[in-house]
Amino acid sequence: MRDYTAVLKGDRKLGQVSRFIVEGGSPPKWGLDINSSPVWQDLLAQLPPVADFGEPESRVLHVVLMEDPFDLVEWIEGLEKQEGVAAIEYLDDLSKTTKTKKAWQKSWRYFDAGSGAVELDAFGTYLADLPVKSFDSLFRTASIPGTVRNNVLRYFLAHRKDGVLARVSSLMGAWSHRSTETSPIRLLLGLSDAEVEQAIVDELKTEKTPFVRIAIGAALVDHDYDRYADMVLEQTGADASKAWFDGLGDKVVREWITAIGSPAKESVLAVVEDWKDNRLHRDKGLDAARKFLMFVAATLGVESRPIMEAALELPDVELQITGFQGIASFDPGAAHYRERLADQLQQLLADDETVPEWAQSSWMDIDSLKPAIREYWTDLLTDLIPVVASYGESFATELTQLLEHEFTPVRVAAVQALVKAVAPAAAMEIAEQLLTKKKGSTRLSAVRLLIGVESDEAQTRIEAQLAAETDEKVRDEILTALGPVWSKLGRAFTLDDIEQRMERCAKALAKPVAPWLDEASITPLVLRSGETLSPEQLRYLCLRQARAKDMSAEPEAQALFDLLDRDRCGDGALDLLDGFLASDQDAKHKWALAMAGLLGDERVVARLAPVFDTWVQQRRGKFAEIAVGALAHLPGDRPLHLLDKLAQKYRTKQKNIGAAASATFAAAAEVRGMTAEELGDSVVPWLGFRTGEDRIVDAGTKSLRVTIGPELKLRFTDTKSGKIVKSVPKGATPEIKAELKQAAADLREAVKAQVGRHERMLILQRRWPIDQWIELYMHHPVLRVFGERSVWGHYNGTALTMTFRLLDDLTATSADDDEVALPTTGSIGLVHPLEMDMKSRDAWSRHFGDHEIATPFPQLDRGIELPSDAERGERAITNTDGVTMNALTFRGRAERCGWMRGSVVDGGAVSSYYKIYPADDTTAYLLLDQFWVGASYDDEAILGTALFVPAGSVQTGSYVYDEPQNDRDPRVLTFGNVPPIAYSETLTDLRTISGAE
């Protein structure tokens, strides 16, 4: 007998397991709480072939089944196919003869392990051969997730069509009582089998659950509108209201409305009229109802007028306002509703302290709810103001009154509305009246209104107000507005202006800005005049900058920053940064980071680079995201290197940092008149190398030539013997060793970033002008290696005219080892294998094999997918439809493949992910269900179909419902019209994302 006890040591509970495996008897109680997954993996690794199993092996499986079934899944997936089937069958029998709280046959892992181990073939046969009754019992197991169920369904559709018809009811029944996901029905309809289709129609007619009937109907109409629309409307029209209230029925009702279109309006009207009984408060909620109404208005347009008018008659003010919003979306400023809208506005203004129903039923006391109540009425008022603005000057009086409202969102919305609603002269007159008011917030509204007018007269009045204004917030707004204008006019502040401003805030200047800051110890900042700032003036600068909410210069501080000599302020900026980093780094003192960026030099980069990782480890990711902004102000390339590194390093983890770094990098490129890709080329680190010069290092008794070898690592060569030295000699000084160690680390980081970057450039079909490419790939020490180890092409326009790679002597060679001359015109880019014929791909594969060269990233060996002739007319990729997977796994895989989050809609749901192919003018969309912005480790995402649309034809954003819901959308491209690279890369990505490869 194998010694399974060898891995069961050192734990009393493991001792119980060991005795059970060796001696038998009563098994340990379920749930040993042993966090020892490797233990179970080690046990499973020692198991013999299934045919040799005995009692000890049964007891091993019994324990692992109870403790960590996921390890059983991995074990089975690692077996050969037939051995995997045997293992599944053995576990099937074991579950019938042993008493466990997690019976194997009742666990979805049973299906998961089977489908993963045998790729649905042998396991699918095993399931298909079960009697229908037994199959039903297994397939209806409540805990089986959709991914496994749909995998089994796909097996039947592909290989066992003879068994599908008998199981239609089972397949649909297993779906219907747990989920609103319609992909199983759509997969069945995709068979285009008349008998199966009729069976689904029969299911619709016999199904009792309203939202299931709605879902089946939506799928049928999507499948064949002309054939099924009328029948489905007749059969399911009365179900819409009940379905909307049932669980997740809102989703399938939307699918149903989208599929049927305007004929569904009577049924939707019934849904809204049913809300009058106030069931919304107990069941779905008003928020869901408001979002549903806006969806209906966007989907049905003017046809939804009766529905929106019904919303105006509902008892809930939230829904009344949404009704107005819906009407305004297709009929703005309609005179018929003007009087009713005025009444609604006055009601909101009168009710701003009325306790709403939700607060009356709360367990909290009313006093503690007052802030929430006021926010509630403010939000509703803010929602209504844009509707009021569509009526123009007829609401000018009411909007003017709102400019003095106590809440900022209302005032801001009213300003925006007035700018649109009244003529500039009228807006000026209103502003003039408000500038005489005592409240600073009212004067701020006036200034914002003047800013919105955008006339010379308004500009003059703003300047006059600056001289008299005492409120800091108003002054900030004025200075921000005037800054660009004064810059064009060449107007500048003087130190005397600064002194006058300091007098205004003398009281605030009486105490330090931060406990760690001693202004006298900071190296003085130098003015352009040669004078230095006094400690009091430095305190004033810090005090003003501390008012900024981000890393940009505070409006009043900007005047003093403009007077400073940036080139002579580096030491003082570094002192400020060091003082902050040595403190407790309170977030309210982030102004020190901003000042380091606004006044410092490249030395700031060296200080901040290691701190970002520290902040991440300390779970201060948001602070790190904010600090990225400080790098944007620093001169030179080193901050750009760090930004590029942060963008790559935190592209999928701590994405807020990576996104902030990418945005800052792109903004820096725009300032330089470059694209982000061009700036990315220019900031690839040189690591101490220089064009045309050897890098020689004195290493004690030897002199070493340092180069970057073909394996993308530092290579050391003895300058005398010419032999390669594997490591730095012991005789090298500590400084030299440290320098080369850092260079090796920097090279690893640079290579990692460039490998991913070049693969993306291959997919996106980036092209370089020839002279630019030569400058980069023949002269840059890191990029040169990519020039030598990749297949490049010369393009005349979009046409590929030749392929080549560089040799180490910087000549170009063909796949047949013939020297080729690079043209002087055109462009150069990485060649995608789909751009070459089979003969060329084979030739280059032989070339790289003969020369023992490995490409830095998959190029020639990329997966290639092209639609068959029969598929060229199709529009939807269904391989992922219904696949269920861990939400965080999906997000990580998708974003690593370059896909981005689509619209965030109801309840924080993400309706799609998409990938842009700019060179092909195409975007791919992967539709999603039950995937949320705040997804956790326990959540699952359900993948839908993937579709291609022309670039820019679909909008994404918060509450933007514009993605195609199915392949009937006229924007969706047929596969024959999708560029080959976009098609192939998308299918490859989808397999990676879904785990199919």
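Analyst: First, a cut-off: a polar contact here is a pair of N or O atoms within 3.5 Å, and within protein one of them must be able to donate a hydrogen and the other to accept it. Bear in mind that this is a predicted model.

With that in hand, take Ser903. Its side chain reaches the backbone nitrogen of Gly957 at 3.0 Å. Ser903 sits in the loop between strand E13 (900-901) and strand E14 (912-917). What does Ser903 touch, not counting residues up to four places away in sequence? The list is Ala909, Val910, Ser911, Ser912, Gln955, Thr956, Gly957, Val960 and Glu963.

Arg619 has a positive phi of about 60° although it is not a glycine. You'll find Arg619 in the loop between helix H35 (603-617) and helix H36 (621-631), and its relative accessibility is 80%, so it counts as exposed. Glu852 isn't a glycine either, yet its phi is positive, at about 55°. Glu852 lies in the loop between helix H43 (838-850) and strand E11 (876-877), and at 73% relative accessibility it counts as exposed.

On to the helix packing. H33 (residues 570-582) and H34 (residues 591-599) pack at about 160°, with their axes 9 Å apart. Angles over 145 degrees count as roughly antiparallel, so that is how H33 runs relative to H34. Their crossing is left-handed. On the H33 side, Gly570, Ala573, Leu576, Leu577 and Phe580 make the contact, meeting Trp591, Ala592, Leu593, Met595, Ala596 and Leu599 of H34. By class, that contact has 10 nonpolar residues, 1 polar and no charged ones.

The other pair is H12 (residues 194-206) with H13 (residues 210-223), packed at about 145° with axes 9 Å apart. H12 passes H13 in a left-handed crossing. H12 brings Glu197, Ile200, Val201, Leu204 and Lys205 to the contact, and H13 brings Arg213, Ile216, Gly217, Leu220 and His223. Sorted by class, the contact of H12 with H13 has 5 nonpolar, 2 polar and 3 charged residues.

How values were computed. Residues numbered from 1 in each chain as written. Predicted model: local features only at pLDDT ≥ 70, side-chain atom pairs only at ≥ 80, totals over all residues. Heavy atoms only, no water. Axes fitted to C-alpha atoms, helices over the stretch in contact; angles between N-to-C directions. Helix = DSSP H or I, 4+ residues; strand = E, 2+ residues; numbered from the N terminus. Left-handed = near helix turned anticlockwise from the far one by under 90°. Contact = heavy atoms within 4.5 Å. Nonpolar A, V, L, I, M, F, W, Y, C, P; charged D, E, K, R; others polar. Parallel < 35°, antiparallel > 145°, perpendicular 65-115°, else oblique. Buried < 20%, exposed > 50% of the residue type's maximum accessible area, 1.4 Å probe, protein only.
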